[in-house]
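Here is a short report on charged pairs and helix packing. Look at the sequence and the 3D view, then read on.

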Amino acid sequence: MMASSKAKTPTAYIAQLSGERKKEIQTLHAFIKKCVPALKPSMQAGMIGYGTYHYRYATGREGDWPIIALASQKNYISLYVCASDGKQYVAEKYKARLPKANIGKSCIRFKRVSDIDLKVIEKLINESCLVMRT
């Protein structure tokens with residue numbers, strides 16, 4: 001796993017990457033900005049975050065977190081889609097449609113952009129944004 005980046009901007013984050021991974025992250029960054037132009041990209045928790053939402057747990061713990069985040073890890077790319085419809089995380093609903101990705105509750109892990117269907121990712125991102133507005 002890549003250590004949390006100290007980059008101050010998404011541009012600086014991408015600039016620190018090299019080779020094919022840099023191209024992959026650039027492609028995904030441009031794609032996410034096109035899908036959800038209203039979500040301002042920024043650096044959050046050492047990764048590129050898009051938009052934010054405020055969370056509050058029953059324990060009283062609260063904070064802000066990106067709605068969508070993109071990170072370059074050592075062995076894969078992580079796309080975090082932090083939205084739930086109250087029954088399950090939106091990313092989990094798309095597991096069957098992204099067979100080459102490893103999907104956790106809100107994390108989609110894959111080696112390269114060609115391993116995922118960007119049309120499915122676009123639907124997933126848009127559904128997540130709708131869920132977060134309600």
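Arg-112 counts as partly exposed, at 40% relative accessibility. The classes work like this: buried means under 20% relative accessible area, exposed means over 50%, and partly exposed lies in between (1.4 Å probe, protein chains only). Arg-112 pairs with Asp-115 in a salt bridge. A salt bridge is a side-chain nitrogen of Lys or Arg within 4 Å of a carboxyl oxygen of Asp or Glu. Asp-115 is buried, because its relative accessible area is 15%.

This is a predicted model: local features need pLDDT of at least 70, side-chain atom pairs count only at pLDDT 80 or more, and totals for chains, interfaces and linings use all residues. Residues are numbered from 1 along each chain as its sequence is written, and side-chain values use heavy atoms, with hydrogens and water left out.

How many salt bridges does the structure hold? There are 4 salt bridges.

| Glu-62 | Arg-56 | 3.1 Å |

Within it, Asp-85 is partly exposed at 34% relative accessible area. Lys-93 is partly exposed too, at 36%. Turn to the pair of Glu-62 and Arg-56. Glu-62 is partly exposed, with a value of 40%. Arg-56 counts as exposed, at 60%.

Now to the helices. Helices (H or I, at least four residues) and strands (E, at least two) are DSSP runs, numbered from the N terminus. Helix α2 covers residues 19-35 and helix α4 covers residues 118-133. Their axes come within 10 Å and cross at roughly 50°. Axes are lines fitted to C-alpha atoms, for helices over the stretch in contact, and angles run from 0 to 180 degrees between N-to-C directions.

Why is α2 called oblique to α4? The reason is the crossing angle of roughly 50°. Angles under 35 degrees count as roughly parallel, over 145 as roughly antiparallel, 65 to 115 as roughly perpendicular, and the rest as oblique.

Which residues make the contact (heavy atoms within 4.5 Å)? On α2 they are Leu-28, Phe-31, Ile-32 and Cys-35. On α4 they are Leu-118, Ile-121, Glu-122, Ile-125 and Asn-126.

Methods
Contact means heavy atoms within 4.5 Å.
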